[in-house]
Amino acid sequence: METIDRGLFVPDGNSAYIDSPMPIGYNATISAPHMHGTCLELLKEHLQPGMHALDVGSGTGYLTACFAMMVGPQGRAVGVEHIPELVASSIENVKRSAASSLLNGGSLSLHVADGRQGWPEQAPYDAIHVGAAAEKIPQPLLDQLKPGGRMVIPVGSFFQDLQVVDKKLDGSISIRSETSVRYVPLTSRAAQLQGF
């Protein structure tokens with residue numbers, strides 16, 4: 001997080017370093033720094049050099065860039081976001097950051113896609129982070145998690161828990177709640193843009 005300047009990833013005029021979520025347009029937000037730190041801490045053993053990571057709801061590209069720095073040029077960091085304008089601006093954000101060489105080298109990529117479907121082209125993933133709250137954990141994301149891998153996902157509607165999902169080597173799943181959280185919903189593009 002010290003290597004990737006959050007100031008490059010928040011809309012102009014916002015105080016980038018205040019510990020709170022911020023709107024980034026399109027009824028989306030960038031999480032508070034402490035939430036990014038929490039998720040990176042929960043995933044750090046699964047973000048080692050050479051590993052593959054998926055960031056669902058990649059928004060401004062900030063956390064995807066952090067993942068890319070951790071997995072390095074031999075790894076793979078993939079961000080998916082269903083708002084094309086956010087993907088376009090996130091690519092520009094990353095180009096200005098310390099992760100630009102990883103974007104140019106192809107180990108970091110950002111795509112327009114429905115995050116609930118993941119990004120099967122680069123699966124399986126050692127680490128999956130979901131930046132919006134799901135009513136229940138999407139099956140495609142469980143399927144794309146590598147045995148031995150970990151997913152961090154907020155689950156719930158009004159009351160949400162940050163859940164840590166571990167896929168054991170035999171393919172079985174264990175889930176524990178880390179903390180109560182408040183995220184925007186993981187939804188369709190049409191539902192997200194309603195009233196925007």
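Helix 1 (residues 33-43) and helix 2 pack at an angle of about 30°, and their axes lie 11 Å apart. Here axes are lines fitted to C-alpha atoms, for helices over the stretch in contact, and angles run from 0 to 180 degrees between N-to-C directions. Helices (H or I, at least four residues) and strands (E, at least two) are DSSP runs, numbered from the N terminus. The crossing of the two helices is right-handed, a term for the near helix being turned clockwise from the far one by less than a right angle, left-handed being the anticlockwise case. Helix 1 contributes His-36, Leu-40 and Leu-43 to the contact, and helix 2 contributes Tyr-62, Leu-63, Cys-66, Phe-67 and Met-70; contact means heavy atoms within 4.5 Å. By class, this contact has seven nonpolar residues, one polar residue and no charged residues. Ala, Val, Leu, Ile, Met, Phe, Trp, Tyr, Cys and Pro count as nonpolar, Asp, Glu, Lys and Arg as charged, and the others, Gly among them, as polar.

The model is predicted: local features need pLDDT of at least 70 and side-chain atom pairs count only at pLDDT 80 or more, while totals for chains, interfaces and linings use all residues. Residues are numbered from 1 along each chain as its sequence is written, and side-chain values use heavy atoms, with hydrogens and water left out.

Helix 2 (residues 62-71) is mostly covered, with eight of its 10 residues buried; among them are Thr-64, Ala-65, Ala-68 and Val-71. Gly-72 follows helix 2 and has a positive phi, near 75°.

Helix 2 also takes part in the lining of the largest cavity, as do strand 2 (28-30), strand 3 (52-56) and strand 4 (76-81), each with at least two residues. On a 1 Å grid over the protein atoms alone, a cavity is a set of points where a 1.4 Å probe fits but cannot get out, and lining residues have an atom within 4 Å of a point. The structure holds one cavity of 30 Å³ or more, and the volume of the largest cavity is about 330 Å³. Grid points are joined across faces, edges and corners, and a volume is the space filled by probe spheres set on the points. Of the 30 lining residues, Gly-57, Ser-58, Gly-59, Glu-81 and Gly-131 lie nearest the centre of the cavity. Strand 2 gives the most to this lining, with three residues. By class, the lining has 12 nonpolar, 15 polar and three charged residues.

The loop between strand 5 (108-112) and strand 6 (125-130) holds Gly-115. This glycine counts as buried because its relative accessible area is 8%. Beyond its neighbours within four places in sequence, Gly-115 is in contact with Val-56, Val-80 and Leu-141. Pro-124 is found in that loop between strand 5 and strand 6, and the peptide bond from Ala-123 to Pro-124 is cis, with omega near 0°.

A further loop, between helix 3 (84-95) and helix 4 (100-105), holds Ser-97. With a relative accessible area of 7%, Ser-97 is buried. Not counting residues up to four places away in sequence, Ser-97 touches Ile-4, Leu-8 and Phe-9.

How values were computed. Buried means under 20% relative accessible area, exposed over 50%, partly exposed in between (1.4 Å probe, protein chains only). On a 1 Å grid over the protein atoms alone, a cavity is a set of points where a 1.4 Å probe fits but cannot get out, and a pocket is an open set with protein on both sides within 12 Å along at least five of seven lines; lining residues have an atom within 4 Å of a point.
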